[in-house]
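Welcome, and thank you for taking a look at this model with me. Below is a short tour of some ligand sites and a few individual residues.

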Amino acid sequence: MANPIKKRYVLIFFVTAFITAALTLLLVNIFEKKQEANLYPSVFKPVGDYETDPKVWGENFPFEYDSYKKTETNEGPTYYGGSDNYQKLEKYPNLIRLFAGYPFSKDYREERGHYWAITDVKQSLRVNEKTANTCISCKSSQVLEDVEKMGPENFYKAMFKDVAAHYDKSIGCLDCHDPKTMELRVKRPAFIEAMQRRGIDVTKASRQEMRSYVCGQCHVEYYFKGEGKYLTFPWDKGFNVDSIEAYYDEYNFTDWNHETSGAPMIKMQHPEFETWNTGIHARSGVSCVDCHMPYERAGSVKVTNHWIKSPLRNINNACQTCHKWNEQELIARVKAIQDRTYETMYKTELAILDAIDAIKKAKDAGANDEQLANARKLHRRAQLRWDFIAAENSMGFHSPQETLKTLSNAIDYARQSQLEAERWLRNITMK
Ligand code: HEC
Ligand code: HEC
Ligand code: HEC
Ligand code: HEC
């Protein structure tokens with residue numbers, strides 16, 4: 001038989017424990033609310049629909065503003081990335097011959113933080129009197145108002161010197177946030193239109209999807225379509241390089257003719273969104289923001305770190321929330337992927353240069369355009385694959401296996417191109 005006195009003590013014990021727990025939770029809650037109140041001012045100043053000055057937004061959100069401002073900082077290079085905007089042509093002289101006849105052979109810098117986007121586009125030696133306004137599209141939050149007012153067609157058709165040259169604001173809050181609700185939003189037409197053609201309505205995206213879509217407005221491969229230079233993303237057939245090549249081939253699209261080989265070339269531009277899309281992290285639902293803007297504690301509140309940069313500078317917050325490996329181990333895993341990519345990428349460059357030299361020799365010996373058409377086509381196919389990896393900024397990390405597959409195909413096409421050109425050279429010299 002149970003003792004009634006014992007029973008009562010047990011009851012009192014549980015009631016006391018319950019009240020203590022409830023009180024603790026209440027206190028913690030009040031404390032957190034207080035901390036939030038300290039983090040954000042109690043009176044919100046409304047921000048205009050096209051407010052491009054981050055400082056004005058920052059009056060409401062000092063933590064986000066302060067961390068955003070740090071994108072100005074140069075913490076120096078990492079193994080293959082980082083925020084030091086060194087001249088790539090000096091570090092990787094192969095690029096000069098690979099881009100012969102194209103402005104990237106004159107000036108090609110490593111990218112750095114968002115704070116610098118407007119400065120760097122204006123200083124780029126690739127921008128001149130004839131540059132299309134389309135070039136400003138991913139460099140300034142002033143783009144949004146002009147696209148709205150002028151309409152996208154007229155905005156892209158204009159000249160850089162007439163519109164973009166007068167801008168002074170870099171990438172800012174307005175590029176990712178709705179000024180009324182602070183929700184993430186995508187306003188740039190090219191992303192919305194490209195996703196629409198893939199059957200995806202961006203306005204219906206989940207919050208986790210938006211945490212990559214906001215970046216996908218700019219960190220992508222693109223081209224200027226037709227006379228009006230209409231900014232277009234080549235995603236109709238898919239995100240990997242084979243689908244993108246197939247898309248371009250259908251349009252017969254060419255950026256320039258290679259000065260040495262005469263091949264019709266395509267320049268690939270920073271396809272981070274596409275590459276991430278083919279990798280294990282995207283497959284597992286991990287967004288750009290999870291690694292590049294991880295949560296941080298400010299007091300007892302979780303906030304998003306707006307100092308967007310290399311995650312190698314912030315392994316603790318960027319990776320260790322999901323991976324229990326220690327920091328050295330995580331860095332070693334990234335470096336192993338990057339070193340393998342770099343080694344294969346370098347071999348690809350040598351193969352492409354051999355193809356270029358072989359085509360030139362055959363041409364100099366008298367091979368005509370018709371005879372060299374196939375070797376040139378193969379040069380194009382090899383180089384656009386190599387460039388898809390070289391211009392992507394993670395050195396393979398965003399999608400290691402797709403990256404190595406792409407490079408091995410590039411080597412194969414380059415050697416086929418070389419063999420084809422050498423065959424013509426032998427045919428001609430043996431006559
Ligand atoms: C799983 C984590 C992870 C995800 C998800 C991720 N990245 Fe990265 N990203 C990295 C790592 C690691 C590097 C290599 C940094 C280095 O070499 O210093 C990198 C490099 C970069 C760089 C170059 C940084 C530099 O310092 O030069 C850019 C730009 C970038 N990522 C953009 C994106 C975008 C855009 C997305 C989403 C479409 C994305 N990343 C998704 C981890 C991630
Ligand atoms: C409006 C266009 C735009 C948007 C939106 C954008 N970026 Fe960028 N990003 C750029 C440009 C342009 C640069 C290069 C700036 C330079 O080098 O002057 C850059 C640079 C970077 C870098 C290199 C930083 C460094 O220190 O080397 C990283 C990492 C990056 N972006 C990640 C992201 C992520 C993650 C998102 C989404 C949360 C994002 N970006 C959204 C245009 C954009
Ligand atoms: C490149 C895109 C980008 C830019 C630029 C940007 N943000 Fe954010 N911001 C984000 C993302 C992504 C989140 C996380 C939202 C989520 O997960 O729902 C965020 C979250 C926030 C939040 C919610 C609280 C938090 O910290 O998670 C505030 C407030 C905020 N940002 C303010 C700002 C301000 C102020 C600026 C300009 C100084 C700014 N943001 C610039 C992408 C951006
Ligand atoms: C939001 C969670 C999350 C974050 C943040 C994250 N990862 Fe992962 N990572 C995963 C998942 C999920 C996988 C898939 C494998 C698995 O299920 O364990 C994975 C796989 C990997 C792999 C194996 C890749 C392969 O090809 O097999 C490496 C290496 C890795 N992550 C490194 C990193 C690094 C470095 C960072 C920080 C820059 C990071 N991860 C950030 C969740 C995450």
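In sorting residues by class, Ala, Val, Leu, Ile, Met, Phe, Trp, Tyr, Cys and Pro count as nonpolar, Asp, Glu, Lys and Arg as charged, and the others, Gly among them, as polar. By that scheme, the shell around ligand 1 holds 8 nonpolar, 12 polar and 3 charged residues. This is a predicted model, in which local features need pLDDT of at least 70 and side-chain atom pairs count only at pLDDT 80 or more, while totals for chains, interfaces and linings use all residues. Residues are numbered from 1 along each chain as its sequence is written, chains are lettered from A and ligands numbered from 1 in the order in which they are written, and side-chain values use heavy atoms, with hydrogens and water left out.

**Ligand 1**

Let us begin with the metal. His292 (NE2) and His398 (NE2) coordinate the iron atom of ligand 1 at 2.0 Å; donors are N, O and S atoms within 2.8 Å of the metal (3.2 Å for Na, K and Ca), and water is not among the atoms, so sites may look incomplete. The site is octahedral, with angles of 87 to 179° among its 6 donor atoms. Six donors count as octahedral if opposite donors are over 155 degrees apart and all others between 65 and 115. The pair links distant parts of the chain, 106 residues apart: histidine 292 sits in helix 14 (residues 288-292), and histidine 398 in the loop between helix 17 (369-390) and helix 18 (400-430). Helices here are DSSP runs (H or I, at least four residues), as are strands (E, at least two), numbered from the N terminus.

Histidine 398 is buried because its relative accessible area is 18%, whereas histidine 292, at 25%, is partly exposed. The cut-offs are under 20% relative accessible area for buried and over 50% for exposed, with partly exposed in between (1.4 Å probe, protein chains only).

In total, 23 residues surround ligand 1, and the closest are Thr78, Cys288, Cys291, His292 and His398; a residue is near a molecule if one of its heavy atoms lies within 4 Å of it. Helix 12 (272-277) and helix 14 each supply at least two residues of this shell.

The iron atom of ligand 3 is coordinated by His177 (NE2) and His306 (NE2), at 2.0 Å. Its 6 donor atoms subtend angles of 89 to 179°, so the arrangement is octahedral. Both histidine 177 and histidine 306 are buried.

Around ligand 4 there are 13 residues, of which His281, Ala318, Cys319, Cys322 and His323 come nearest. Helix 13 (280-283) and helix 16 (327-364) are the elements giving two or more residues to this shell. By class, the shell has 10 nonpolar, 3 polar and no charged residues.

The table lists N or O pairs between residues and ligands, each a polar contact (within 3.5 Å).

| Residue atom | Ligand atom | Distance |
|---|---|---|
| Glycine 82, polar backbone atom | Ligand 1, oxygen | 2.7 Å |
| Glutamine 338, polar side-chain atom | Ligand 1, oxygen | 2.9 Å |
| Histidine 281, polar side-chain atom | Ligand 4, nitrogen | 2.8 Å |
| Histidine 323, polar side-chain atom | Ligand 4, nitrogen | 2.7 Å |

**Positive phi**

Lysine 229, in the loop between strand 1 (223-225) and strand 2 (230-232), has a positive phi near 55°. Asparagine 252 also has a positive phi, about 60°, although it is not a glycine. Asparagine 252 is exposed because its relative accessible area is 67%.

Definitions and conventions:
Four donors count as tetrahedral if all angles lie between 85 and 135 degrees; four count as square planar and six as octahedral if opposite donors are over 155 degrees apart and all others between 65 and 115; anything else is irregular. A polar contact is a pair of N or O atoms within 3.5 Å; within protein, one must be able to donate a hydrogen and the other to accept it, and residues adjacent in sequence count only if both atoms are side-chain atoms.
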